[in-house]
Amino acid sequence: GIYVIVLARYLGPEIYGLFVYGQSWYTAFLPLTVFGLAQIISREIGRNKKKGANVIQTALAFRIISASIGAVVCAVVGLILISNPLMRSILLVYSIALAGRAFALWSEHIFIAHESSQYVLQQEAIFRSAEVFTGICLLFSGGGGVLWIVFVHAAMWWLQAVRGFFLVRYKFGIAR
């Protein structure tokens, strides 16, 4: 809540509106990257943990394809429909965030399927806090405009995705 207030106050109504519009835009494309895979992963791992590694690797391959397609569609549609140059830049960065978020969700689905949701809480606590801290520092240092805030958002989702991948790999011995 504090982050929203700081962003709204620092960016002003027009730029904050672009920021929120971009967030809404890219989250509208998030279902294209997920396709209900969480339920399938949970069901299949719950049925047979020995076959879980195969299910997870197949889900990762599918997520790579769906996240790539979702990010490209999000960017291209935004470029076609939006004429404001700043908004176009924001949407391009949010498209990158979309792919990172899709991969972060992949690892979360695996943690939940393995009944290890503590890793989900850990990931969210680390990376959402880091995003808020970094964003506020950028704003108060005078070096952060809306595009930098969106870059921070995208970077945090990608860092969360990378850490999630390694946690899956080392905790469950899969997804190499």
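**Entry 1: overall size**

The radius of gyration is taken over C-alpha atoms, and the globule rule is 2.2 Å times the number of residues to the power 0.38. I applied this to the protein chain, bearing in mind that the model is predicted. With 176 residues, a compact globule would have a radius near 16 Å. The protein chain has 17 Å, which agrees. I then looked up the box that the C-alpha atoms fill along the principal axes. It is roughly 55 × 35 × 25 Å.

**Entry 2: secondary structure and contacts**

I counted seven helices and zero strands in the protein chain. Read along the sequence, the pattern is α-α-α-α-α-α-α. Residues 24 or more positions apart account for 79% of them.

**Entry 3: surface and charge**

The protein chain exposes about 9000 Å². Carbon and sulfur atoms supply 68% of that area. For charge, I found 14 positive and 6 negative charges. Their mean positions are 9 Å apart.

**Entry 4: Glu131**

I went to helix H6, residues 118–141, where Glu131 lies. Is Glu131 buried or exposed? Its relative accessibility is 8%, so Glu131 counts as buried, the cut-off being under 20%. I then looked for a partner for its side chain. The side chain of Glu131 makes a polar contact with the side chain of Arg128, at 3.3 Å. Which residues touch Glu131, leaving aside its neighbours within four places in sequence? They are Tyr3, Val152, His153 and Met156.

**Entry 5: Ser95**

I moved to helix H5, residues 85–113, which holds Ser95. The relative accessible area of Ser95 is 4%, so this residue is buried. I set aside neighbours within four places in sequence and listed the contacts of Ser95. They are Ala71, Cys74 and Ala75.

**Entry 6: Leu60**

Last, I checked Leu60, found in helix H4, residues 52–81. Leu60 has 15% relative accessibility and therefore counts as buried. I also looked up how far its C-alpha atom is from that of Trp106. Leu60 and Trp106 are 46 residues apart along the chain. Their C-alpha atoms are separated by 7.2 Å.

Methods: Residues numbered from 1 in each chain as written. Predicted model: local features only at pLDDT ≥ 70, side-chain atom pairs only at ≥ 80, totals over all residues. Heavy atoms only, no water. Helix = DSSP H or I, 4+ residues; strand = E, 2+ residues; numbered from the N terminus. Buried < 20%, exposed > 50% of the residue type's maximum accessible area, 1.4 Å probe, protein only. Polar contact = N/O pair within 3.5 Å; in protein donor to acceptor, adjacent residues only side chain to side chain. Contact = heavy atoms within 4.5 Å. Areas by Shrake-Rupley, 256 points an atom, 1.4 Å probe, with all protein chains shown as cover. Lys, Arg positive; Asp, Glu negative; His and termini not counted. Charge placed at Lys NZ, Arg CZ, Asp CG, Glu CD.
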